[in-house]
Amino acid sequence: MKKKTMEHFGELIHGGDYNPDQWLDRPDILEEDLQLMKKANVNCVSLGIFAWSRLEPEEGAYDFGWLEKIIQRLYENGIYTILATPTGAMPQWLTNKYEEVLQVDETGVRNYPGKRHNYCPTSPVMREKTRQLDMRLAETFGGYPAVIGWHISNEIAGNGSDGSCHCALCQSAFREWLKEKYGSLDKLNAAWWTSFWSHTYTDWSQIRSASRRGENLVHGQTLDWKRFVDSQQLDFCKEEIKAVRVHSTLPVTTNMMGFFKPLDYFKWAKELDIVSWDCYPDWHSGADELRTAVYAAAAHSLMRSLKKKNFLMMESTPSVVNWREMNRLKRPGMHELSSLQAVACGSDSVQYFQWRKGRGSSEKFHGAVVDHRNGSDTRVFREVSRLGERLEKITQQTVGTCNRPRIAMVFDWENWWAVEDACAIDNNLKYQEVFQDFFRPLWELGVDVDMVDMDGDLEGFRVVIAPLNYMYRKGYAEKVRRFVEQGGCYITTCWSGETDDTDLVYTGNHPLEDVLGISTEEIDVPDGYCENSIQYHGTDYRIIGLCGLVHAKGAEVLAEYQNDFYKGYPALTRNFYGNGEAYYISSINEHQFLKHFYNDVLQEKGLGCGLQVRLTEGVTVNERSKPADEDGGEQKVWFLQNFNRTAAAVELLKPYQNVETGETLTGKIEMQSFECIVLRNC
Ligand code: GLA
Ligand code: ZN
């Protein structure tokens, strides 16, 4: 039999973070856990995530015996292990003996020992202690049939730390990084526009990290500091990967955090075998669930897109978190729906934080599969077990399939950093939120979307949507030009193509002026001063954000502003270029506009929801498929999900089979609140 790994597990993974290191004096708990895991259809756990002080109780004294026993006992019971390197939190002996492992904040103050995710990524001591431990773990466990992959560290740069360390070691590493990038101070000064406010650097040693106590208004510098922090954290992670690979060929991952601003996950994914992430949407928080559902779908899609491959949902809560102001329980049904949503978007797992609640410290009331009392006789345990059974039922139809969108959206981390730092017309602009608003109508139409960054490959996509691409990274404009020339459809918005990748403003034409067929002039955010709207195909749509004032230079005007001094300016244009076309949306409009516009574009291109269905608001579809191969025909599976708090009717326009029950469904069907139906062709 082929060795199981977390990348090729052969079935959907169901399990989660397990912390037996908190219960080593209670062998009865371990035995009880084994029974409960089997009852809940758990087939995998993640171990050792915060176990450094148990694995190396004293400097250089390693003790893996307890872990070995647990891994074996689990395996005897059919449960596999994803093993972590424990650098997410440091042991007391390390932080107390070696001060340099602790981060220094932007005011120059060094942290005390404690908390987590707060090591200095440059510290040679931290790197060496980590290397020693990781190598030993890999040497000991890398060959175990029970161990299926490496979980490097934990939520790197998370928990409020943002990953930056301003210590002397990091300052000097930053300077080296800059020397490598620019070669000379003249080039650096030019790229950073330091003649502004007389801040020209005359010696490398003068350069420091971006800080609110010092320089944070030289945008090129701030941007490079963010790039450096990201790359230094990644470099540390790469060292960890290198260390485990000395003795192990198992796949590696690190648990990401979706739309997490400090780390450019497109770069990170290149170093990993499989992407995994921790998913904690704020269910039941608004007037409805839709915004949250859209956020989760976008984040799952982003995680899938990083490697254009299935990913793992490494953590999620089975019931409640404990770190928001108010922490609501997941209401009945939401656990199953939100877990299946992950699978619908390409996850090959549903994993939890945490298996069992601890008795003390800050996560004792965080949701878990097993509560402090009542064993399996709890609502949460029953929902988790039921989900486990459902995952088993859909495994065969699902494993080996993935979402294969023909539409891509450009999401770019460096652009995110730059656009929110621009000091321009709207200083509250939230790139990720606007991006999500541009994603939402596609979610409503039941159409899957991939995400690419500006380095990403556009080939194979029919439509590329690029909202707020303020900063054009090197090569991006040329790539888009080629894409359109060869027949692609490109949709972009105002506040795009403003600056180059050092955040210097373009002084000539818009870099895609020829492709877009427009020239840009001013940008406004009327914000309460006037009500304005655009008219598209006879319908008026309200403007709710930025308004770009542009001129058509060959493009056809499809919508115009209706009021105020910008009445008559183009609000939506289309330009044919080569074999393709490019649309420019000048303003940020109420959400119905995009739905109308996208629908028109998709219809024209013959793209749309792959399931023959008439959807209703709050119900969406994701499609996973496997192209036909010699073993058989094309395999497709659809996840029809109702995020409404009430029942909702949809209409299947041809018969489909319910994968779990075998029943044939067609015509009008009523979906229960928070129901997910998994379908295949009859
Ligand atoms: C993160 C961490 C976990 C735990 C959960 C709580 O995802 O990785 O260790 O703290 O949050 O929600
Ligand atoms: Zn440091």
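This is a predicted model: local features need pLDDT of at least 70, side-chain atom pairs count only at pLDDT 80 or more; totals for chains, interfaces and linings use all residues.
Reader: How far is the side chain of E363 from an oxygen atom of ligand 1?

Author: An N or O atom in the E363 side chain is 2.3 Å from an oxygen atom of ligand 1.

Reader: What about R116 and W323?

Author: R116 has a polar side-chain atom 2.7 Å from an oxygen atom of the ligand. For W323, a polar side-chain atom lies 2.8 Å from a ligand oxygen.

Reader: How much of ligand 1's accessible area does the protein cover?

Author: On its own, ligand 1 has 310 Å² of accessible area, and the protein covers 96% of that.

Reader: Which pocket is ligand 1 in?

Author: Ligand 1 sits in the largest pocket.

Reader: Where does Q354 sit?

Author: Q354 is in the loop between β9 and α12, where α12 spans 379-398.

Reader: Then tell me about β9. What sheet is it in?

Author: Strand β9 belongs to an open sheet of six strands with parallel pairing, in the order β5-β4-β3-β2-β1-β9. The edge strands are β5 (252-253) and β9 (349-352), each of which pairs on one side only.

Reader: How many bridges hold β9 to β1?

Author: Four bridges, in the parallel sense, with β1 covering residues 13-18. Within that pair, G16 stands opposite Y352 of β9.

Reader: D278 and E315 were in the shell too. What's the order of the sheet with β6, β7 and β8?

Author: That one is an open sheet of three strands, ordered β6-β7-β8, with parallel pairing.

Reader: Why is one side of β6 and of β8 left without a neighbour in the sheet?

Author: Because β6 (255-256) and β8 (312-315) stand at the edges, and each has a single partner strand.

Reader: And how do β6 and β7 run, parallel or antiparallel?

Author: They run parallel, with two bridges joining β6 to β7, residues 276-278. M256 has W277 in β7 as its bridge partner.

Reader: How many residues are between β24 and β25?

Author: Five, and the two strands form a hairpin. G662, in the turn, has a positive phi of about 80°.

Reader: What joins β24 to β26 and to β21?

Author: Three bridges join β24 to β26 (residues 676-681), antiparallel, and there N658 has L679 in β26 as its bridge partner. Strand β21 (residues 613-614) is joined to β24 (residues 648-658) by two bridges, also running antiparallel. R614 is partnered there with E651 in β24.

Reader: Which residue has a positive phi although it is not a glycine?

Author: S198, with a phi of about 65°. S198 is in the loop between α7 (185-192) and α8 (219-245). As background, most residues other than glycine have a negative phi.

Terms used:
Residues are numbered from 1 along each chain as its sequence is written. Chains are lettered from A and ligands numbered from 1 in the order in which they are written. Side-chain values use heavy atoms; hydrogens and water are left out. A polar contact is a pair of N or O atoms within 3.5 Å; within protein, one must be able to donate a hydrogen and the other to accept it, and residues adjacent in sequence count only if both atoms are side-chain atoms. Accessible areas come from the Shrake-Rupley method with a 1.4 Å probe; for residues, only the protein chains shown count as cover. On a 1 Å grid over the protein atoms alone, a cavity is a set of points where a 1.4 Å probe fits but cannot get out, and a pocket is an open set with protein on both sides within 12 Å along at least five of seven lines; lining residues have an atom within 4 Å of a point. A molecule sits in a cavity or pocket if more than half of its atoms lie within 2 Å of its grid points. Two strands pair if DSSP finds at least two bridges between them.
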